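Subject: Structure for your review

Dear colleague,

Please find below the structure that I am handing over to you. My notes on what was found in it follow directly after it.

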Amino acid sequence: MAERFDHFMARANTAYYAAHNPFADFVTAPELTQVFGELLGGWARVVWQMLGAPPEIILAEAGPGRGVLMADILRVFGPAPVHFIETSPRLRIEQKRRVPQAVWHDSLATVADGPLILLANEFLDALPVRQFVRRASGWMERYVTAGEYLEQPAELDLPDHAEGSVLEINESANAFIKQLARRGAVGLFIDYGPLASAPGESVQAIRADKYADPLEAPGLADITAHVDFAALAQTARTAGAQVWGPLKQHTFLTALGLHQRTDQLARSTPQAGERLRLAARRLTAPEAMGSLFKAMAICPKGLPPMPGFELP
Ligand SMILES: C[S@@+](CC[C@H](N)C(=O)[O-])C[C@H]1O[C@@H](n2cnc3c(N)ncnc32)[C@H](O)[C@@H]1O
């Protein structure tokens with residue numbers, strides 16, 4: 001039976017993250033350099049002060065990978081209750097090794113009430129997208145059957161675009177942002193995607209550091225889609241939040257002091273200096289992760305700009 005593309009992607013990614021070490025297939029910012037997490041730890045600490053330093057603050061992370069990012073964050077932030085939103089049992093074991101005090105959740109819905117700062121790096125891109133293709137007869141939605149795409153008439157009202165255009169809609173990411181905004185939390189999202197919404201197909205699969213056909217081997221490759229930050233910002237505003245960014249990762253990390261902290265660390269640990277400087281360059285170079293990756297924050301209305309987003 002044909003399966004809607006987002007359902008296929010969700011099933012494939014759940015199987016992939018349950019059975020694989022994703023970091024054998026690709027590398028993420030916190031895996032490249034401890035400075036990334038340390039900067040986010042400083043970011044969260046300043047935000048906590050902006051919130052009035054509530055003693056009952058909760059730090060949360062969505063899609064925490066091996067727990068490396070949160071371990072680096074906590075070194076700077078200091079002790080705090082940690083909640084992880086993670087569906088992979090295999091990665092939960094890794095996370096427990098690095099952040100043993102964490103509490104795990106399948107979704108945001110069960111994270112305890114109270115002041116919350118949530119961070120997520122390369123989480124939204126793993127959430128499933130619906131895909132629509134504009135044909136002469138109107139919009140069609142993509143389904144998957146026996147390793148092939150199949151199209152059926154779309155049941156959503158979509159804006160008009162030229163024939164052949166592809167639209168991707170990430171209902172899970174929008175629902176996540178809406179829920180976070182409604183509970184008055186602060187959220188910081190770092191991920192890859194354009195500054196403005198535009199039609200186009202961005203779904204890709206990575207297997208062993210190489211591009212693969214997303215339909216070929218479900219569960220053996222990581223399937224992702226670009227994050228539509230403008231759509232998520234709109235969702236957050238409609239749900240009552242204030243939005244900062246999206247900004248290019250280069251701008252955001254530079255404003256937080258990536259190069260200064262890297263230099264400081266490189267001086268105190270010269271044997272790691274070259275690796276740390278290369279990592280900083282990779283995170284900020286436009287041809288690497290500096291331009292495609294963006295940072296966006298949401299927070300309750302009335303707060304001043306979040307750290308790193310105070311643009312002239
Ligand atoms: C690309 S990894 C990023 C890991 C980490 N944030 C980092 O930067 O290294 C994606 C993470 O999201 C988790 N994940 C994927 N889909 C999820 C979902 N629907 N709910 C919760 N976690 C999910 C994966 O298990 C993994 O921990």
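Two strands are said to pair if DSSP finds at least two bridges between them. Helices (H or I, at least four residues) and strands (E, at least two) are DSSP runs, numbered from the N terminus. This is a predicted model, in which local features need pLDDT of at least 70 and side-chain atom pairs count only at pLDDT 80 or more, while totals for chains, interfaces and linings use all residues. Residues are numbered from 1 along each chain as its sequence is written.

I begin with the sheet. It is open and is formed by 7 strands in the order E4-E3-E2-E5-E10-E15-E14, with mixed pairing. Strand E4 (103-105) and strand E14 (241-248) stand at the edges with a single partner strand each, so one side of each has no neighbour in the sheet. From one strand to the next, the twist averages 15 degrees.

Several of the pairings can be followed in detail. Strand E2 (residues 58-62) pairs with strand E3 (residues 82-85) in the parallel sense over 4 bridges, and Glu61 stands opposite Phe84 in E3. E2 also pairs with E5 in the parallel sense, again over 4 bridges, with Ala60 opposite Leu118 in E5. Strand E5 (residues 116-121) is in turn joined to strand E10 (residues 186-192) by 5 bridges, and these two run parallel; the bridge partner of Ala120 in E10 is Phe189. E14 and E15, by contrast, run antiparallel and are joined by 6 bridges, with Gln242 opposite Cys299 in E15.

Burial comes next. A residue is buried if 20 or more other C-beta atoms lie within 10 Å of its own, exposed if 12 or fewer, and partly exposed in between, with C-beta atoms placed from the backbone. In E2, 4 of the 5 residues are buried. In E14, 6 of the 8 residues are buried, so this strand is largely enclosed by the rest of the structure. Asn21, in the loop between H1 and H2, is exposed, with 11 other C-beta atoms within 10 Å. The C-alpha atoms of Asn21 and Arg66 are separated by 9.1 Å, although the two are 45 residues apart along the chain.

A nonpolar core is a set of buried Ala, Val, Leu, Ile, Met, Phe, Trp, Tyr and Cys residues joined through C-beta atoms within 7 Å. The largest such core has 70 residues, of which Ala44, Leu118, Ala297 and Ile298 touch the most other members. Helix H3 (residues 34-50) gives the most to this core, with 8 residues. Apart from it lies another core, of 13 residues, including Ala12, Tyr16, Val129 and Val144.

Finally, which residues are the closest to the ligand? They are Tyr17, Thr28, Gly63, Gly65 and Asn121, among 21 residues that surround the ligand; a residue counts as near if its C-beta atom, placed from the backbone, lies within 6 Å. Helix H1 (5-19) and helix H2 (29-32) each supply at least two residues of this shell, and H2 gives the most, with 3 residues.

Yours sincerely,
A colleague

Definitions and conventions
Axes are lines fitted to C-alpha atoms, for helices over the stretch in contact, and angles run from 0 to 180 degrees between N-to-C directions.
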